[in-house]
Amino acid sequence: MVKKEKLSLNELLETALVKEDDQPYDVPKNWVWSRLGSVCIINPSKATTNLLPDDLEVSFIPMTAVSETSGSIVSGEIRKLHAVKKGYTNFIENDILFAKITPCMENGKVAIAERLLNGIGYGSTEFHVIRTSKCVMNKFAYYLVRAEWFREEAQGHMSGSVGQQRVPKQFMENYYIALPPLSEQQRIVDLIESLFEKLDRAKELVLNALDSFEERKLAILHKALTGELTAKWREKNGVIDVEMVLSDLCKYRLDLVKTPAERVRIENVFMNQERNSNIQLPKGWRYVTLEKLCESFQYGTSTKSDDEGEVVVIRMGNLQSGKIDWTNLKYTSDKEDIEKYILKKGDVLFNRTNSPELVGKTSIYLGEKPAIFAGYLIRINKFEQLDSSYLNYLLNTSFAKEYCMRVKTDGVNQSNINAQKLAKFEIPFCSINEQKEIVRILDNLLENEQKAKELYDVIESIDLMKKSLLARAFRGELSTNNPNEESTLELLKEVLRERVES
C-alpha cells in the first residue's frame, strides 16, 4: 500500500481557506474564513492504551451523561483502563463531545470534557470528538457546534438507516467557520456567557412559575381521570357500565374481520384481563387496554422531509404540551406518503423514540393545516368509543409518564416505546358522554393555560434571543472586534506549519 504523501504548507493553506466567492457572509477584515477540520482535529487518533498502566482509572462518559440543556456532563463513571473496549471513543481534557446520532444531535447533546480522571476519557461511539488548535478557543468552537443553525445544517447531511442516522465526519471537517483573532474570540465568549447567565436566570424564574402551574394541572388531571370531577354529573345523568360498551365494541370489531386469524386475534385481545385494580375507580368505570379501544397504531413516514413542499411533516419536536407546535416545520410533496399518512382532525400522535425524558410525549392534531407525520411518531387510530381529547389529556398525565418509564427500551443514546407496548397501556375508561364531560370541565378549568402559554412565549423569546446573540457573535456583529488586532491568518499558518513538520 502506497503511503499517502503529506501536503505542503501552501497546499494545506489553500485547502484550509474558503474562497471569497464561497464565503457565506462578510466578517471583519482581520477574521479568516476556514474549515472546521483545518482549525480543529475531528476524531483524533485513539490513545495507545498499551503504553498506560493496566489499572489506570479513567472517566467513562455515556451519551446519557451529557445534558441537553446545560451543555455539561452531568454524570459519569469511573473505569479501569484495561476494561475499556477498543471501540469506545477516546478523548482528553477540554475536547468537545458532539452527539452525532439522531435524536441526540437535534436535542443538543454537546459538552466540553472537563474534570476527567487522569485527563483521559472514554465514551459512547456516537460522539464526534473536536480537539481545537492554538488558533481557536475550545469554548468558541463549542458555542458554534451547539448553535441551533449548526445542528439544523448537520441534520440535512445525516446518513444511515432510519432511527440510526449520523452526522458524517466529512460534514464536520468541511464546515465553514469564520475565525476572529484569539483576543476577539475571548471577548465573544465572555459576552455570550455573561448574557446567557442573565437570560438563564430570567428563564429559571419563568420555569418556576410554570412548574407551579404544571403541579396544579396534574392535580386536576388526576381528579378528572379518577372520576372525581364528574361525580355530580354521574348523579344527574346516571352511569353506563363500560362492560356493555366493550361487549358491543368486540362484536362490532368481529363483524369487520376478514380472516380466521384476525378473528382469533380480536377474540384474544378482548379475553385478556387487565392488571390494574378497578377498586378506586367509580362505579361503571374500569381500566381497559388501548388495544381494545383502537383499530391500529400506525408508524409515520420514513421518507426524508424537505424545507419546502406541499404538506407539513409533523416531527417529534412539533409535539409540545399536548398540542402541535407549528414552528420549525418541514414539508413533503411525496404523493404516496401524503395519501398514506395524511392526518385527520382529532388524530392523536405519540412520540415513540426520543431521549428517556421526552419519549412518550403526545399531542392532538386539530386540523390547523394539512399535515402527515414522521417515523418517530405513532398515530393512534381509535374507535368512536374513545374521545380524542380525553385520550390526549390522559397520555399527558403523570400516570401515563410512569407507564412510559416502566416499559421503555433504553439504547445507548435514546429510548423507545413500540406500538405493542403502547397498545398494552391500561387507561381509566368510562362512557363516551362522560369522557366528553371530562374534556369540557378540563378545558374550562385549564383556561389559565393561556397564561402558561404566555410564559412559554417568554421562554421562546429568551431562546430566540440566545439564538440571535450566537448568530451575531459568529458574524462579528457584537461591536467587540478590534480592527487593529493582527489577523487570524498568521496563527492559522503556524498551526498548519506544525502539521507539515509533525
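Me: Is N318 buried or exposed?
Reply: In this predicted model, N318 has a relative accessibility of 2%. Buried means under 20% relative accessible area, exposed over 50% and partly exposed in between, using a 1.4 Å probe and protein chains only. By that cut-off, N318 counts as buried.

Me: What pLDDT do local features need here?
Reply: Residues are numbered from 1 along each chain as its sequence is written, and side-chain values use heavy atoms, leaving out hydrogens and water. In this predicted model, totals for chains, interfaces and linings use all residues, side-chain atom pairs count only at pLDDT 80 or more, and local features need pLDDT of at least 70.

Me: Where does N318 sit?
Reply: Helices (H or I, at least four residues) and strands (E, at least two) are DSSP runs, numbered from the N terminus. N318 touches V313, K323, I324, D325, T327, N328 and L329, not counting residues up to four places away in sequence; contact means heavy atoms within 4.5 Å. Its place is in the loop between β13 (311-314) and β14 (319-320).

Me: Which residue has its backbone oxygen 2.9 Å from a polar atom of the S34 side chain?
Reply: S34 lies in strand β1 (residues 32-35) and is buried, with a relative accessible area of 0%. A polar contact is a pair of N or O atoms within 3.5 Å; within protein, one must be able to donate a hydrogen and the other to accept it, and residues adjacent in sequence count only if both atoms are side-chain atoms. The backbone oxygen at 2.9 Å belongs to A16.

Me: Which strands stand at the edges of the four-strand open sheet?
Reply: The order is β12-β21-β17-β19, with antiparallel pairing; two strands pair if DSSP finds at least two bridges between them. One side of each edge strand is left without a neighbour in the sheet, because each has a single partner strand. Those edge strands are β12 (294-299) and β19 (362-364).

Me: What angle does helix α12 make with β19?
Reply: Helix α12 (residues 388-395) packs on the sheet, touching β17, β19 and β21. Axes are lines fitted to C-alpha atoms, for helices over the stretch in contact, and angles run from 0 to 180 degrees between N-to-C directions. The helix direction and that of β19 make about 155 degrees.

Me: Which residue in β24 is the bridge partner of R286?
Reply: Four bridges join strand β11 (residues 286-289) to β24, and the two run antiparallel. In β24, the partner of R286 is F429.
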